[in-house]
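Welcome! Let us take a friendly look at one protein model, step by step.

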Amino acid sequence: MNNLSTFAAPIGRLLLAMMFLMSGLSKIGNFAGTQGYMDAMGVPGALLPLAIALEVLGGLAIIIGWQTKIMSVALAGFCVVSAALFHNDFSNQSEMIMFMKNVTIAGGFLLLIAHGPGAYALDNRVKFAQT
């Protein structure tokens with residue numbers, strides 16, 4: 001069971017963060033379209049560079065386990081705010097699913113906050129140096 005825990009943590013961080021990394025990179029590739037969508041939803045498109053930076057840099061940080069708790073707070077907040085702003089039409093089943101997806105991912109980040117990054121994380125490098 002210990003081996004499962006050792007590998008579950010870095011794989012879990014990768015799976016949790018991969019969506020943010022890919023989403024941020026796709027926003028770069030479709031900057032104008034994403035900015036227009038944000039504006040249409042009542043969110044200033046000028047915030048797009050901040051969203052991209054959080055998704056790409058935060059996603060990478062979670063994957064490598066660096067500043068995991070801080071990045072988890074930021075990305076959990078991002079998920080909840082995104083759900084509330086962009087997926088609040090509960091009469092549309094697809095939007096309800098997207099809302100619940102965002103809230104669920106926020107829950108995963110709360111687990112990282114509570115339990116830390118697990119094995120193979122840069123946050124643990126001090127522990128490795130002391131052993």
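Which residues of helix 1 are buried? They are Ala9, Pro10, Arg13, Leu16, Ala17, Phe20, Leu21, Ser23, Gly24 and Lys27. Buried means under 20% relative accessible area, exposed over 50% and partly exposed in between, with a 1.4 Å probe and protein chains only. Helices are DSSP runs of H or I with at least four residues, numbered from the N terminus.

This is a predicted model, in which local features need pLDDT of at least 70 and side-chain atom pairs count only at pLDDT 80 or more, while totals for chains, interfaces and linings use all residues. Residues are numbered from 1 along each chain as its sequence is written, and side-chain values use heavy atoms, leaving out hydrogens and water.

| Helix | Residues |
|---|---|
| Helix 2 | 31-40 |
| Helix 3 | 48-64 |
| Helix 4 | 68-86 |
| Helix 5 | 93-115 |

How do helix 1 and helix 5 pack, and at what angle? Helix 1 packs against helix 5 at about 135°, and the axes are 11 Å apart. Arg13, Leu16, Met19 and Phe20 of helix 1 meet Lys101, Ile105, Gly108, Phe109 and Leu112 of helix 5.

Now to helix 4, where Ser72 is found. Ser72 is buried, at a relative accessible area of 0%. Leaving aside neighbours within four places in sequence, Ser72 is in contact (heavy atoms within 4.5 Å) with Ile62, Phe109, Leu112 and Ile113.

Key:
Helices (H or I, at least four residues) and strands (E, at least two) are DSSP runs, numbered from the N terminus. Axes are lines fitted to C-alpha atoms, for helices over the stretch in contact, and angles run from 0 to 180 degrees between N-to-C directions.
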